[in-house]
Number of protein chains: 2
Amino acid sequence: MKCAIDIDVRDVEELFINIDPIQAGGRLTPDAMKAAIAYGDGYSVCDACQKPFRLDYIKKPPIAQFHTDLAEWLNMDQVRVVPGARRGFQAVASTYVEKGDPVLLTSLAHYTEFIAVEQAGGIPREIPKDEKNHITPDAVAARIEDVIDEFKRAPPLMFLDHVDYQYGNVHDAKAIAKVAHQYDIPILLNGAYSVGIMPIDGKDLGVDFVIGSGHKSMAAPAPSGLVATTAEHAERVFRTTRSKGDITARTFGIKEVEMMGCTLMGVTVIGMMASFPHVRERVKHWDTEVARSRRIVDALLSIEGTRVLSDYPRTHTLTRIDTRNSFDKVAEVHKKRGFFLSNDLKKRGITGVIPGSTKVWKFNTYGLTEKQADHVANAFVEVARENNLSVS
Amino acid sequence: MKCAIDIDVRDVEELFINIDPIQAGGRLTPDAMKAAIAYGDGYSVCDACQKPFRLDYIKKPPIAQFHTDLAEWLNMDQVRVVPGARRGFQAVASTYVEKGDPVLLTSLAHYTEFIAVEQAGGIPREIPKDEKNHITPDAVAARIEDVIDEFKRAPPLMFLDHVDYQYGNVHDAKAIAKVAHQYDIPILLNGAYSVGIMPIDGKDLGVDFVIGSGHKSMAAPAPSGLVATTAEHAERVFRTTRSKGDITARTFGIKEVEMMGCTLMGVTVIGMMASFPHVRERVKHWDTEVARSRRIVDALLSIEGTRVLSDYPRTHTLTRIDTRNSFDKVAEVHKKRGFFLSNDLKKRGITGVIPGSTKVWKFNTYGLTEKQADHVANAFVEVARENNLSVS
């Protein structure tokens with residue numbers, strides 16, 4: 001029989017240093033890889049499922065304990081795992097937003113937040129960023145007032161990207177949450193670029209929901225993620241089904257409506273679990289990660305004409321860089337055009353920069369070793385020198 | 001550092017013949033296992049993502065081709081992969097059902113259908129089963145009339161379990177779809193126990209949606225599944241986002257609202273893809289699977305007092321059996337009580353019967369080889385004989 005689908009083995013993480021903006025925090029740990037092999041089969045974690053028949057109650061493997069540990073780690077009261085951060089946004093928006101409700105998000109919000117609002121029938125209203133690409137508490141207050149003027153009521157929900165996907169800037173969630181709460185607006189922290197790589201204390205930040213992505217930042221297979229919340233909000237967002245068969249009178253136990261019952265029944269939850277001890281440890285070394293990010297950004301800035309568009313000095317590993325007056329000048333005359341940069345990097349064992357990009361682009365240094373960070377920093381400088389850009 | 005989470009290697013599929021009702025069709029193929037190892041990392045399939053930036057357009061690995069192949073295989077027009085069949089129910093219910101709308105499902109409907117209706121704000125109305133545990137076209141027509149009387153309008157959607165989870169009976173989807181269409185009601189076929197194990201021709205059945213489960217019946221990791229639909233309905237259920245940033249004027253391309261953008265970005269879609277050639281082949285041998293199911297059910301029925309509650313002769317591999325007058329009589333006097341059955345089976349290398357169950361229970365013989373089927377059949381008879389039940 002002919003095998004209709006030809007899937008090449010993916011070896012990019014073995015052969016290259018990958019600085020792709022979205023992939024750095026989602027590489028599996030060796031323990032997650034081992035667990036994924038053992039739990040690849042469909043419903044593999046359901047062998048020991050018992051009353052009350054819900055994923056987060058399973059004791060063997062210790063999924064129940066994992067949920068408790070996650071909540072404690074984030075300093076929140078309750079956690080559920082979900083198929084990606086976006087499914088967490090959907091669960092919360094679907095619970096809090098009625099058709100026609102205004103919902104606040106920011107000018108740096110990820111598209112999945114817009115879609116969660118749209119899916120719930122809400123109307124998105126953006127909070128402007130300032131000239132430094134930050135969301136300020138003042139801008140939040142002003143925009144809440146605007147929305148109240150426009151809709152004659154406060155928005156039932158606000159989204160904030162803890163670290164935005166465009167610049168990798170870390171926003172002041174604590175001060176912003178305080179403002180939102182002055183208007184009694186629950187605030188959802190999108191931690192897709194923070195939960196699993198930076199330390200997070202939900203109660204200290206004062207947010208109502210912390211949402212994380214397993215495949216983006218918790219070294220887990222896709223789709224995976226989590227919703228953490230307070231005891232107050234857990235009752236609403238994790239409400240159990242009230243459905244009843246009108247003929248059979250069947251009821252459905254403690255299955256949760258927004259979770260659609262169980263969520264990650266195999267390799268995804270096991271991958272998150274197996275990586276978790278490593279993830280919990282790695283967030284403690286965030287300063288080292290930031291130092292390596294700075295090392296590489298400084299190397300780029302030593303190339304004449306290069307600018308960093310993200311906060312500088314860097315406070316995150318995701319960076320937006322402007323090389324229109326450096327690498328793009330080379331591209332204008334290079335026989336390979338803009339592809340010279342990704343090619344020259346690839347020769348040096350580095351991948352993840354979109355082939356052809358030499359204008360404004362992003363990269364993520366998360367998880368590089370000291371040696372790898374040095375190598376990447378030197379590679380940028382070498383490529384610049386070889387192409388006659390001056391380096392200071 | 002102490003590893004906080006202790007995950008035992010799962011070896012049940014290597015050490016035992018597993019007749020668990022929900023796990024039989026979700027065991028990975030060796031190709032899926034290999035692909036899972038290569039694509040375990042978070043966003044592993046996103047290396048070559050290009051405009052228009054959506055999972056089902058990715059050419060390397062051939063995810064776009066996989067979507068086309070799935071649609072052709074099911075004889076439907078469009079397919080998307082989703083994190084489990086339940087997420088497919090949610091996508092369709094959310095699109096078709098407004099708050100307060102009645103939604104038809106059956107007395108044998110899976111709980112996730114009820115939850116999808118509840119999540120969309122609909123009101124479930126069950127179609128009764130007949131004395132043979134079948135959903136008949138007449139019962140469907142009668143219940144539609146009831147609902148129209150009650151709500152003064154037809155339901156906007158009807159769910160039908162192609163094969164129900166309670167009895168493993170195969171229902172007459174074609175005749176039922178015809179009735180639903182006489183009232184212009186779109187019909188969703190829940191193929192969690194059929195797509196991937198039985199041949200399906202969506203156009204021949206005349207249904208509007210075919211929903212399948214990767215982890216239940218397509219030899220794929222969890223959570224995975226698919227929504228297949230017609231060209232007519234694809235426009236609605238797969239509508240693209242209309243969101244726009246009111247300050248930034250950002251728009252979000254062709255991301256689909258109900259899919260929340262992309263769905264299965266790594267091991268889940270790759271697992272489905274790698275198993276697909278095998279799945280496409282295996283559905284052609286459904287008659288062999290049914291023959292083995294019959295072999296085992298006949299062995300059980302040879303034990304005095306045993307009854308089969310599912311259709312007989314069997315037309316599926318999932319079976320509900322009543323051993324209240326056979327194995328449960330043993331349990332009443334056995335020192336291990338009801339646990340003797342699962343224990344005695346385990347000694348013979350068979351697992352998946354809930355420990356302690358000797359009254360009414362379910363098992364699934366899907367995927368057993370001829371030898372394994374013989375062994376399971378003989379094991380039931382041997383356990384009966386050893387416990388002094390008479391066998392005819």
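The legends below describe close-up views of a predicted model. Residues are numbered from 1 along each chain as its sequence is written, and chains are lettered from A in the order in which they are written. Local features need pLDDT of at least 70 and side-chain atom pairs pLDDT 80 or more, while totals for chains, interfaces and linings use all residues; side-chain values use heavy atoms, without hydrogens and water.

**Figure 1. Contact between chain A and chain B.** The contact takes 99 residues from chain A and 99 residues from chain B, where contact means heavy atoms within 4.5 Å. About 8000 Å² is buried between the two chains, 58% of it from carbon and sulfur atoms. Buried area is the accessible area (1.4 Å probe) that two parts lose on being put together, summed over both. On the chain A side, A:Arg10, A:Tyr43 and A:Met260 lose the most area to chain B, together 11% of what that side buries.

**Figure 2. Salt bridges between the chains.** A salt bridge is a side-chain nitrogen of Lys or Arg within 4 Å of a carboxyl oxygen of Asp or Glu. Between chain A and chain B the count is 14. One of them joins A:Arg250 to B:Glu126, with the closest N and O atoms 3.1 Å apart. In another, A:Asp41 meets B:Arg10 at 3.4 Å, N to O. This pair runs from the loop between helix 2 and helix 3 (63–74) of chain A to the segment before helix 1 (12–15) of chain B. Helices (H or I, at least four residues) and strands (E, at least two) are DSSP runs, numbered from the N terminus. A:Asp41 is buried at 12% relative accessibility, and B:Arg10 is buried at 7%. Buried means under 20% relative accessible area, exposed over 50%, and partly exposed in between (1.4 Å probe, protein chains only). A network of salt bridges also links A:Arg10, A:Glu13, A:Arg27, B:Asp41 and B:Asp47.

**Figure 3. Two salt bridges within chain A.** A:Lys34 and A:Asp31 form a salt bridge, their closest N and O atoms being 3.6 Å apart. The two residues are 3 apart in helix 2 (residues 30–38) of chain A, so about one helical turn separates them. A:Lys34 is exposed, at 55% relative accessible area, whereas A:Asp31 is partly exposed, at 27%. The side chains of A:Arg125 and A:Glu150 meet at 2.7 Å, N to O. This pair links distant parts of the chain, with A:Arg125 in strand 4 (residues 123–127) and A:Glu150 in helix 6 (residues 137–151), 25 residues apart. A:Arg125 is buried, at 14%, and A:Glu150 is partly exposed, at 43%.

**Figure 4. An open sheet in chain A.** Its 3 strands have the order 9-10-12, with antiparallel pairing. Strand 9 (307–308) and strand 12 (360–364) are the edges; each has a single partner strand, so one side of each is left without a neighbour in the sheet. Strands pair if DSSP finds at least two bridges between them. Strand 10 (residues 318–322) is joined to strand 12 by 5 bridges, and A:Ile321 stands opposite A:Trp361 in strand 12.

Figure 5. A disulfide is a pair of cysteine sulfur atoms within 2.5 Å, and the count over all chains is 0. The sulfur of A:Cys46 is 6.0 Å from its closest cysteine sulfur, in A:Cys49, which is too far for a bond. A:Cys46 is buried, with a relative accessible area of 15%.
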